[in-house]
Amino acid sequence: RGVSMKLKSVSKFFDKTKAVDAYNSSYSFRCQVEPLDMYRTEGTRIKVRNMSTAPEVIIPVRRAIKIDSQAYLVSDSSADHWSGEAIRSRYVLQGADYVVEIRTIAQVLENAPGVQAWASIDFNKYSTDERDSADYHPQYHIFLGEDTAAEHTIIHTTERTYLVKNSYKTPSGLYDAICNELDDPVIDAVTFKSRTYIPITDSFTESSSTIRCIRIRWQDKFTYLSQGSEKFERGDIQVLVPSSVTPKAADVVELSDGTWRVLSVVSYTGHKALHLRLA
């Protein structure tokens with residue numbers, strides 16, 4: 001035990017680097033960060049570093065820290081032992097260059113605030129759909145320090161918007177949200193028109209209501225309810241609206257780029273998805 005205590009004391013002597021909670025600068029701790037391995041310079045690996053601390057150091061709950069001006073996401077710990085006692089805790093740091101906002105679809109439709117989080121964004125792949133066009137549609141890995149991006153949540157940066165297709169905890173302990181980038185315009189206004197028959201005058205009155213909606217590619221979020229469901233055709237889109245709206249198939253709606261016909265309506269928790277085709 002005496003040797004273990006000496007090793008712990010010696011290792012703590014070299015904890016000269018100050019790390020600060022990226023969300024609460026009043027909390028900080030001392031650590032060691034290994035020098036950069038220059039052979040790992042491709043892609044985002046240049047901002048992957050190794051950190052070690054004394055075993056009693058507590059990592060911030062949201063697992064994001066700042067060292068100087070660079071933010072990092074912090075992995076789960078892996079302990080070094082001597083004679084059955086932990087003498088160091090080791091972590092992998094992933095450089096985080098973005099503060100993103102994570103919102104549910106319902107929050108976006110209500111224009112309500114979501115959760116702000118530090119994130120690392122890494123390109124994954126391009127996909128195409130020859131039924132629609134030859135355009136590339138990019139997909140990304142968005143790494144987070146906490147489990148805040150469930151399937152079908154929406155992640156915003158100052159320049160882009162992403163739809164989470166799946167999210168899982170990686171072996172390192174960070175969370176990987178696999179996301180499709182959404183094409184502009186993501187936020188639009190949809191106008192619903194209705195006609196009411198007045199038997200006394202044998203006439204109709206028309207009324208309309210305009211609400212906030214989310215536009216996405218049909219391929220990004222669709223469900224065929226049966227074999228008889230209307231199949232995709234090039235140019236089709238999905239529009240997400242609040243659950244309180246009661247559209248039905250064959251309704252005609254107005255978007256910023258024209259008149260569209262509702263082909264089907266699928267209900268989800270907190271919203272509905274409308275399969276639309278230009279009228």
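The structure holds 14 salt bridges, and it is a predicted model.

**A buried pair**
- D15 and R88 form a salt bridge in which the closest N and O atoms are 2.9 Å apart.
- This pair links distant parts of the chain, since D15 sits in the loop between α1 and β1 while R88 belongs to strand β7 (residues 85–96), 73 residues apart.
- D15 counts as buried because its relative accessible area is 10%, a value under the 20% cut-off, and R88 is likewise buried, with a relative accessible area of 5%.

**Partly exposed partners**
- The side chains of D97 and K47 meet in a salt bridge, with 2.9 Å from N to O.
- D97 lies in the loop between β7 and β8 (98–103), and K47 lies in the loop between β2 (28–33) and β3 (48–53), so that the pair links parts of the chain 50 residues apart.
- D97 is partly exposed, with a relative accessible area of 43%, and K47 is also partly exposed, at 30%.

- E181 forms a salt bridge with R160, and here the closest N and O atoms are 4.0 Å apart.
- Because E181 lies in strand β13 (residues 175–181) and R160 in the loop between β11 (154–156) and β12 (161–169), the pair ties together parts that are 21 residues apart in sequence.

- F14 is found in the loop between α1 (2–13) and β1 (17–21), and it counts as partly exposed at 49% relative accessibility.

Notes
Residues are numbered from 1 along each chain as its sequence is written. This is a predicted model: local features need pLDDT of at least 70, side-chain atom pairs count only at pLDDT 80 or more; totals for chains, interfaces and linings use all residues. Side-chain values use heavy atoms; hydrogens and water are left out. Helices (H or I, at least four residues) and strands (E, at least two) are DSSP runs, numbered from the N terminus. Buried means under 20% relative accessible area, exposed over 50%, partly exposed in between (1.4 Å probe, protein chains only).
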